[in-house]
Amino acid sequence: MVSASVSTDISTMSRFGFSANFSADDVHKQMQDFALRVHKATVTTLQYRGERCVAEARENGSYQDRTGNLRNSVGYVIVYNGSIISENFAERVNGKVASEVSGMEEGQKVAELLAANISKGYALIVVAGMHYAQYVESLNYDVLDSAERLAERIVPSLLQQLKSKVAKL
């Protein structure tokens, strides 16, 4: 019976007739580079999904937005290991009625509160941040429903694309 111990020291390979033309640091750097490429591909995929969902919600919301706040409160954040690494919130609509509240700021606050609950991994959080968003949806107006349906349709293909990207790395 032959037994051998596994060592992280690459120089032990020479005992078996092999010689390495790389160091343990080289292997470590390659692994770090690969992890960074996977991270970037994941973030890009989530950003694409977030942009599509936000555009759907902003453009196809079936409610009449008097102040602009509800539409301006729609946005997203991408969270990675507890930190927001990307977001999209913008004041894009001017309402017919003046408001002292900023829909964009309300949306950001809600997204940050939800993001605080994500401590590990990746998350895409799409919100309509005004306190009355759910009420408007309960009246059969589309605030985020179409964006949610869009996400459900595109997620499988985006995940497949991400797998393909990672396989090519």
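**Ground rules**

I number residues from 1 along each chain as its sequence is written. The model is predicted, so I take local features only at pLDDT of at least 70 and side-chain atom pairs only at pLDDT 80 or more, while totals for chains, interfaces and linings use all residues, and side-chain values use heavy atoms, with hydrogens and water left out.

**Entry 1**

I started with Leu 46, which sits in helix 1, residues 24-60. Helices here are DSSP runs of H or I with at least four residues, strands are runs of E with at least two, and both are numbered from the N terminus. Is Leu 46 buried or exposed? Leu 46 is buried, at a relative accessible area of 13%. My cut-offs: buried is under 20% relative accessible area, exposed is over 50%, and partly exposed is in between, with a 1.4 Å probe and protein chains only.

Next I looked up what Leu 46 touches. Leaving out residues up to four places away in sequence, I get Ile 78, Tyr 122 and Leu 124. A contact means heavy atoms within 4.5 Å. I also checked Ile 125: it is 79 residues from Leu 46 in sequence, yet the two C-alphas are 9.8 Å apart.

Thr 42 is in helix 1 too. Thr 42 counts as buried, at 11% relative accessibility. With neighbours within four places set aside, Thr 42 is in contact with Tyr 122 and Leu 162. So Tyr 122 turns up in the contacts of both Leu 46 and Thr 42, because a contact needs heavy atoms within 4.5 Å.

**Entry 2: salt bridges**

How many salt bridges are there? I count 3, taking a side-chain nitrogen of Lys or Arg within 4 Å of a carboxyl oxygen of Asp or Glu.

- Asp 33 pairs with Lys 29, with the closest N and O atoms 3.1 Å apart. Both residues lie in helix 1, 4 residues apart, about one turn of the helix. Asp 33 is partly exposed at 26% relative accessibility, and Lys 29 is partly exposed at 48%.
- Glu 106 pairs with Lys 109 at 3.4 Å, N to O. These two are 3 residues apart in helix 3 (residues 103-115), so about one helical turn separates them. Glu 106 comes out partly exposed at 25%, and Lys 109 partly exposed at 46%.
- Arg 71 pairs with Asp 65 at 3.9 Å, N to O. Here Arg 71 and Asp 65 are both buried.

**Entry 3: helix 5**

Helix 5 covers residues 145-168, which is 24 residues. I get 35 Å from its first C-alpha to its last, close to the 34 Å expected at 1.5 Å a residue. The expected span is 1.5 Å times one less than the number of residues.

Where does helix 5 kink? The kink is at Ile 154, about 40°, shortly before the proline Pro 156. The bend at a residue is the angle between axes fitted to the seven residues ending there and the seven starting there.

Ile 154 is also one of the buried residues of helix 5, which include Leu 150, Val 155, Leu 158 and Leu 162. Which helix do the buried residues of helix 5 pack against? They pack against helix 1. That goes with the contact I noted from Thr 42 to Leu 162.

**Entry 4: strand 1 and its partners**

Strand 1 (residues 74-80) is mostly covered, with 6 of its 7 residues buried. I looked up its pairings, where two strands pair if DSSP finds at least two bridges between them. Strand 3 (residues 122-128) runs antiparallel to strand 1, joined by 7 bridges. In that pairing, Gly 75 stands opposite Val 127. Strand 2 (residues 83-88) is antiparallel to strand 1 as well, with 5 bridges. There, Val 79 has Ile 84 as its bridge partner.

**Entry 5: positive phi**

Strands 1 and 2 form a hairpin with 2 residues between them. Asn 81 is in that turn, with a positive phi of about 50°. I flagged this because most residues other than glycine have a negative phi. Asn 81 is partly exposed, at 38% relative accessible area.

Asn 140 also has a positive phi, about 70°, and is not a glycine. I find Asn 140 in the loop between helix 4 (133-138) and helix 5. At 73% relative accessibility, Asn 140 counts as exposed.
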